[in-house]
Amino acid sequence: MNLKLYNTAKKEVVKFKPMQNNQVKLYTCGPTVYDYAHIGNLRSYIFEDVLKRTLIFNGFKVKHVMNITDVGHLTSDADLGEDKMEIRAAKENKTVTEIAKKYTNQFLKDTKRLNIIEPDILTKATSNIKEQIEFIKKLETKGFIYQTKDGVYFNTAKFPRYGNFARLDIKGLKAGARIKNGIKKKNITDFALWKFSPQNKSRLQEWKSPWGVGFPGWHIECSAMAMKYLGEQIDIHCGGIEHIPVHHTNEIAQTESLTGKKFANFWLHNEHLLFEGKKMSKSKGNYAILQDLVNKNYCPLAYRHLILTAHYRSKINFTWESLQSSQHYLNNLYRKLKDLEAPTNIDSVYLEKFTLAINNDLDTPQALAIMQELLKAEINSDIKAATLIKFDEILALNIKNYISKTEPIPQNIKDLLAQREQARLKKDFKNSDFIRSQILELGYEIKDSPSGPKIVKI
């Protein structure tokens, strides 16, 4: 195993090694289920799926936990604004529970259409309120929190390494860069662990706590749930690049303050997806959801392929033309697959090339290039089929479904084919035709091609 990954904390590609033998503890930040996930959001989950598949491909056993945020994510990362879940509930005249169920189900439908493996544990923030309160109480005992009129905050001055992960210039931050004036925080970078409900009205979601009735901050849920299901230290934590300066920085601060240990050994983040050259924004209307692609008659896996054409740490520009190119690629690929024979042995040379590419920090563009090279190679059709199926353990483009034959060619048919080829080499075309007819009577047909004869079951 020689898997190398880019570690955001170290800013370099390093060899991956789990803490315990071949057991990998993986935590990935999940969706806030107040709306449909747009295709930019879905890029993160495709990247994380490739990572998970690569770990399994290399023989690791993966325990994957992902959160569902159904409370506490405010409209501003500065702990201001309304809860996104409550806004949507009021807009649709539903309960928050109904909203969470609706958009969680849609998210899972989208990930299934993209061949994304579900996490081993998918857990909601609202199902772990007790754990979050206990986490905050422990931080209080250690002297890391303080209370204001609107909530309980983490004192970042008590964590000297705060900002190191994101390379933040703490001294250069101005009031208003991370918070707005008016909230009496001790430090600009302090963040909410627990927010109080407004005094003049009840929220749709609120709980009693030692500090008052309210709800958890957005950041505390990931730390509490990661610790509950994976322990105090994890191997890999993932998310979008936008999580680095606030959400993941805050996770590190609160978790490491509590445990005194490194939270995650590896941090991996994917870059943004641009939408026709611009940053994707629901408020500006320049975005699409997966169903929009389906409505335009694109296969969801065409979008997966498009994402695979770029390295996860590179920006990628989504256009309808680029999606059309990926759809065209898939159509051609599936046509070629139908000409292949039932899989047998894997080509070790091409498998090594593919493995080197994917183990080089998940280099999917290079992996796709190697697959294209394999498609053009003059090797036995059955070996080509088996090797492509092996590649698809990572790519997940449904390759096996399009290889026309699932049953191996019987040995007696292969022997007859070999005899026919010998007859052709001797220019004994009469015997060659006779053998062809024998094969035909046994229910198989020979199709001659530039790369050699192929056997197809009739």
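Helices, in the sense used here, are DSSP runs of H or I with at least four residues, numbered from the N terminus. With that convention, the end of helix 3 can be located in this predicted model: just after helix 3, N115 takes a positive phi of about 60°. Most residues other than glycine have a negative phi.

Helix 3 itself covers residues 96-113, and its 18 residues reach 26 Å from the first C-alpha to the last, close to the 26 Å expected at 1.5 Å a residue. Its buried residues are V96, I99, A100, Y103, T104, Q106, F107, D110 and T111. Because these residues cover an arc of only 165° around the axis, they lie on the same side of helix 3. An α-helix has 3.6 residues a turn, so residues three or four places apart point the same way. The buried residues of helix 3 pack against helix 1, strand 4, helix 2 (84-92) and helix 7 (290-295), while the face turned away from the buried side carries the exposed residues T97, K101 and K112.

Helix 4 (residues 129-141) can be read in a similar way. It has 13 residues and reaches 19 Å from its first C-alpha to its last, close to the 18 Å expected at 1.5 Å a residue. I129, Q132, I133, F135, I136 and L139 are the buried residues of helix 4, and since they cover an arc of only 155° around the axis, they are placed on the same side of helix 4. What covers them includes strand 6 (145-147), strand 7, strand 8, strand 9 (214-216), helix 5 (218-230) and helix 6, whereas K130 and T141 are exposed on the other side of helix 4. Just after helix 4, G143 takes a positive phi of about 85°.

We turn next to strand 3 and its partners. Of the 6 residues of strand 3 (residues 23-28), 5 are buried, so this strand is largely enclosed by the rest of the structure. Strands of a sheet pair through backbone hydrogen bonds, either parallel or antiparallel. Strand 3 pairs in the parallel sense with strand 4 (residues 61-68) over 6 bridges, and L26 stands opposite H64 in strand 4. Strand 3 also pairs in the parallel sense with strand 10 (residues 234-240), here over 3 bridges, and L26 stands opposite I236 in strand 10.

Beyond strand 10, H243 lies in the loop between strand 10 and helix 6 (244-259). Buried means under 20% relative accessible area, and H243, at 14% relative accessibility, therefore counts as buried. Leaving aside its neighbours within four places in sequence, H243 is in contact with C29, W218, H248 and T249.

As for M371, its contacts, apart from neighbours within four places in sequence, are with Y329, L333, L388, F391, L395, L397 and I399.

Strand 12 (residues 273-275) and strand 13 pair in the antiparallel sense over 2 bridges, and F275 stands opposite K278 in strand 13.

Two loop residues complete the tour of backbone angles. R167, in the loop between strand 7 (151-154) and strand 8 (191-196), has a phi near 55°, a positive value in a residue other than glycine, and R167 is partly exposed, with a relative accessible area of 49%. K427, found in the loop between helix 14 (411-425) and helix 15 (429-441), has a phi near 60°, again a positive value in a residue other than glycine. At 62% relative accessibility, K427 counts as exposed, because exposed means over 50% relative accessible area.

Terms used: Residues numbered from 1 in each chain as written. Predicted model: local features only at pLDDT ≥ 70, side-chain atom pairs only at ≥ 80, totals over all residues. Heavy atoms only, no water. Buried < 20%, exposed > 50% of the residue type's maximum accessible area, 1.4 Å probe, protein only. Pairing = 2+ DSSP bridges. Contact = heavy atoms within 4.5 Å. Expected span 1.5 Å × (residues − 1). Arc of directions from axis to C-beta.
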